[in-house]
Amino acid sequence: SGSSDPYCLVKVDNEVVARTATVWKNLNPFWGEEITLLLPRGFHSLTIYVLDEDTIGQDDVIGKVSLSHQQISAEPRGVDSWLSLAPVNPDQEVQGEIHLELRVPERGHPRVLRCHLIGARDLAPRDASGTSDPFGRVSCCGRTLETAVMKKTRFPRWDEVLEFELPEGELGEAVLSVEVWDWDIVGKNDFLGRVEFFLDTLCLGPTRGWFQLLPFPSATEDHRGQLGALRLAVRLLEDTVLPPHHYQPLIQLLTEPILCPAQSPEGTALAVLEEVTSGESRQDVATKLVKIFLGQGLAVPLLDYLTTRELAKTTDPNTLFRSNSLASKSMEQFMKVVGLPYLHEVLKPVVNRIFEEKKYVELDPGKMQLSRGRRISFKGSLSEEQVRESSLELLKGYLGDIVDAIVGSVDKCPLPMRVAFKQLRRRVEERFPSAQHEEVRYFSISGFLFLRFFAPAVLTPKLFRLREQHAEPCTGRTLLLLAK
């Protein structure tokens, strides 16, 4: 059809750890999914594969982006850019480790290198059975020796010693190469990975341990740009988490202006934190503050403190809470943490119906596909006016159901959210008491409840876990118009 149904697989050291939703019939997909992974400190690489989902047969691999631990660690603020997709070559897709002991005697003539292949683990499955038939192949100084084949396993144990006579004199750039292959009775054997050692370093003393298997050095041509590109934002945080009592002084410092409001507000840790927090880190700071104060049972007083400070700085009520300030971000995060089950209960029935009905909705004449009107009428294509009227009726119907669900859910709205908004309304009334600003108390609440809570969830249900998959283009357009 000239299109694809792309999705991404995320692998850490060749183990699949996450999968995005599929974006149907799209060569320029937007996922917008944020995945948090807890990784071992010793991980080697993060790889994202882009695949095309097929209902019949295997999914097609479009390409991949691979980032090493070192590449990610080298960017304290994270990697955030377009990265070209590289082709996926089976010989490059290796995984697992090999257990070796390498020893060269200090004396003796001739000197003999003893290569003890103990075993391997977590090898790539190359056979239909989901296993492999691995054997080791060791090359050194012009000679090649092989171990026995271990049948149907990804965790072979060879426990074989292969010996190589070393030449006299300087070893120079001589290399010991250890490769692992999958034996096949028909056709050529499949490559499973390799590791190399310089002989002059082995002569310094015995080497023993688990070594990561690596692919062959890539000899493929540069495909930059030919397979497309993937926009990624990847950040690695290496945290040491201490027992709770270590954090008590910090928590005490942060909660002090809430528990002891008599203190001058400008000199508090929260006030300083608000001043020094930059735009790009504000989301992180707000997320952590809300979690800390929820844990202390002080989330609502925190929001009251932050919104009161923002109100004091605001002169024009029309701009109130429109910026991504610490107060706005904290309220947004608070609603997500406290109100997500409530959001699901209110919106899920209507959102599910929109996905299932797949109605064609369009109000913009420049974007109308009049032939789609056949879904609405058996009489053939409809006029612009007919499509607009039909779309308007559908949108009003969906929107009426959404508004009815929200208005009828007062008793289901979490108590902390209701208390937070009651406080907010009172503070706004105190700051803008005149009759001409009477509606500001409502705008301030609707700015959070609708613009930052309900509307974004209608626009992208997948990101609020209302749906498992992203909407198809037709349904996505309906959701966009509803959110607007």
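**Rings and charges across a predicted model**

R137 lies over the face of W181, 4.9 Å from the ring centre. A second contact of this kind involves R431, which sits over the face of F432 at 4.8 Å from the ring centre. The model is predicted.

Now the overall layout. The domain assignment of the chain gives domain 1 (6-88), domain 2 (97-212) and domain 3 (246-368 + 383-483). The centres of domain 2 and domain 3, taken over C-alpha atoms, are 59 Å apart.

Next, the aromatic rings. Searching the whole structure turns up six aromatic pairs. One of them joins F197 and F211. Their ring centres are 5.1 Å apart and their planes meet at 85°, so the pair is edge-to-face; the cut-off for that class is over 60 degrees. F197 belongs to strand β12 (residues 190-198) and F211 to strand β13 (residues 207-212), so the pair ties together parts 14 residues apart in sequence. F197 is buried, at 12% relative accessibility.

F321 and F448 make another aromatic pair. Here the centre-to-centre distance is 5.1 Å, and the angle of 45° between the planes makes the pair tilted. This pair links distant parts of the chain, 127 residues apart. F321 is in the loop between α6 (299-313) and α7 (326-357), while F448 is in helix α10 (residues 440-459).

One aromatic cluster remains to be located. Its members are Y342, F450, F453 and F454.

Terms used
Residues are numbered from 1 along each chain as its sequence is written. This is a predicted model: local features need pLDDT of at least 70, side-chain atom pairs count only at pLDDT 80 or more; totals for chains, interfaces and linings use all residues. Side-chain values use heavy atoms; hydrogens and water are left out. Domain bounds come from an automatic or database domain assignment. Rings of Phe, Tyr and Trp (its six-membered ring) pair if their centres lie within 6.5 Å; planes under 30 degrees apart count as stacked, over 60 as edge-to-face and the rest as tilted. Helices (H or I, at least four residues) and strands (E, at least two) are DSSP runs, numbered from the N terminus. Buried means under 20% relative accessible area, exposed over 50%, partly exposed in between (1.4 Å probe, protein chains only). A charge sits over a ring if NZ of Lys or CZ of Arg is within 6 Å of the ring centre and within 35 degrees of the ring normal.
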